[in-house]
Amino acid sequence: MPMPTPDESPQLSAIDYRQLLDEVGAFVYTTDAHGQYTYANQLVLELLGNPPLQAILGKSFTDFVDIGEAGATLRETDLRVLRDGETIAREETNYIHATGESLTYWSIKKPLRGADGAIVGMLGISHDITAKKRLEDKVRQQKELLDAVLDNIPGLVYMKGANRRFLYANQHLAKMFGRPVDQIVGRLDSELMPPDVADAFWQKDLHMLATGEHYAGRESMFDAAGHLRQFWSVVVPWSGYDGMPALIGLITDITELQRLKDELQRQAHTDSLTGVANRRSFFERAEHEFAHSRRHGAPLSLIAVDVDHFKQINDEHGHPVGDLVLQGFVQCCLDQLRAQALCARTGGEEFCILLPGVPADAAQAIAERIRTAVAAACLSPEHPALRVTASFGVTGLGPADPHFGAVYSRADRALYTAKQQGRNCSCLHHVSEIATSP
Ligand SMILES: Nc1nc2c(ncn2[C@@H]2O[C@H](COP(=O)(O)OP(=O)(O)OP(=O)(O)O)[C@@H](O)[C@H]2O)c(=O)[nH]1
């Protein structure tokens, strides 16, 4: 259908225009150069309490509606339009005293000019955006509340889409990556982590996205400062908005907890005076080595050691010196041993040395080396004349030994023999060993 040309368009009467302006869904009015109404549409009249149009001509908004202190701002704005010729478009909030309501408008105020260009009045158009504004405020408040919760829980929270891009990150995660949140959201995981790390996470993510399974496990990663941190990570698949699947992750930093756990574990396995394995951890490890040697037909030797006349050292020099002697004695032993050997304190001044892969003859040679080193050492610098000796019982794993206890008893008997033979010596208890070292 051909469009009518401007000349052909139907002419609207003033009444038609008024009806049209009553229907536009916005407050429309004009004023004279003093800011007094020369026209107002139906919506404005309703706001002013429904007076007839004639009754408002020559009057201003504040003659009808008490908006308190906001009236001064309103007059100032009108002045900028009427005096300075500015066009102003901005949000205005008016507190209507009569109703106790706070209304927000998007208002455009524009000067009206006569044929000579002089300002003769003002045209005002306002949209009531109160409902939209209240909704926005509510959404903002809820977001602030949610951010406060998610940023204050002691965990790293994120959401990642099926396209590998982060959809959400809380402040703790941002701190871990060493970037602000807005530099994380929308980015690929591989832009934020080393590619191999990101790929390893992504493999797990893909599995969860495909199966809907949850994940919980320990992970470690370097933080922005380059420190390796331990995490407990829980990841839950989510169907996402717009049907786009996503993953929600909650990560707890357990670095300190892990350190404490490791330290407690170390303490539980270590003798606090000498720093070597304690009795319990020695027997655990020895059972393990016993089974391993049995399986592989490999030699295994044990040296049981006892410091000679230790009671006398304590009695003559005091307990603290006795402690120093025990520490020095252990150091002498360790100096003669390779990394595979396990030296442990199994009693007050009793020690065991387990030698995986070492046949009994070689073990006795090691025992002799230690014995000579101990006898020559000054174990208490404050008592240079103090000399300490030790006795050694040596044995190897035999084919008939049913468990490690049998080896231990034999070494203990050999130690007893060494004590009987006058101390400061080593005694080897022979068995036909299951194998010899190459
Ligand atoms: N300083 C110190 N002494 C300890 C510790 N544990 C045990 N002892 C002492 O070690 C001594 C062991 O004495 P005995 O079992 O009689 O043995 P010994 O004097 O070494 O005699 P022989 O073994 O027969 O040569 C005791 O006096 C214990 O009090 C310790 O942690 N520190």
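How are α12 and α13 oriented to each other? The legends below take up this question and then turn to other parts of the model, which is a predicted one.

**Figure 1. The helices α12 and α13 and the angle between their axes.** Helix α12 covers residues 310–317 and helix α13 covers residues 319–335, and their axes come within 7 Å and cross at roughly 135°. The two helices are therefore oblique to each other. On the side of α12 the contact is made by F310, I313, N314 and H317, which meet H319, V321, G322 and V325 in α13. Sorted by class, this contact between α12 and α13 has 4 nonpolar and 4 polar residues, with no charged residues. Two packed helices are described by the angle between their axes and the distance between the axes.

**Figure 2. The residues around the ligand.** There are 17 residues around the ligand, and those that come nearest are D308, F310, K311, G322 and G348. Two or more residues of this shell are given by each of the elements β11 (300–307), α12 and α13. By class, the shell around the ligand has 7 charged, 6 polar and 4 nonpolar residues. F310 in α12 and G322 in α13, which also take part in the contact between these helices, are among the residues that come nearest to the ligand.

**Figure 3. The hairpin of β12 and β13.** Strand β12 (residues 342–345) and strand β13 (residues 350–356) run antiparallel and are joined by 4 bridges. The hairpin leads from β12 to β13 through 4 residues. Within this pair of strands, R345 stands opposite F351, a residue in β13.

Figure 4. Because S126 has 21 C-beta neighbours inside 10 Å, and a residue with 20 or more counts as buried, S126 is classed as buried. Leaving aside residues up to four places away in sequence, S126 touches A26, F27, Y105, W106 and S107. The C-alpha atom of S126 is separated by 6.3 Å from that of I108, although these two residues are 18 residues apart along the chain.

Figure 5. Of its 438 residues, 26% are buried. Among the contacts in the chain with a separation of 6 or more, 54% are accounted for by residues 24 or more positions apart.

Methods: Residues numbered from 1 in each chain as written. Predicted model: local features only at pLDDT ≥ 70, side-chain atom pairs only at ≥ 80, totals over all residues. Axes fitted to C-alpha atoms, helices over the stretch in contact; angles between N-to-C directions. Parallel < 35°, antiparallel > 145°, perpendicular 65-115°, else oblique. Contact = placed C-beta atoms within 7 Å. Nonpolar A, V, L, I, M, F, W, Y, C, P; charged D, E, K, R; others polar. Near = placed C-beta within 6 Å. Pairing = 2+ DSSP bridges. Buried ≥ 20, exposed ≤ 12 C-beta atoms within 10 Å, placed from the backbone.
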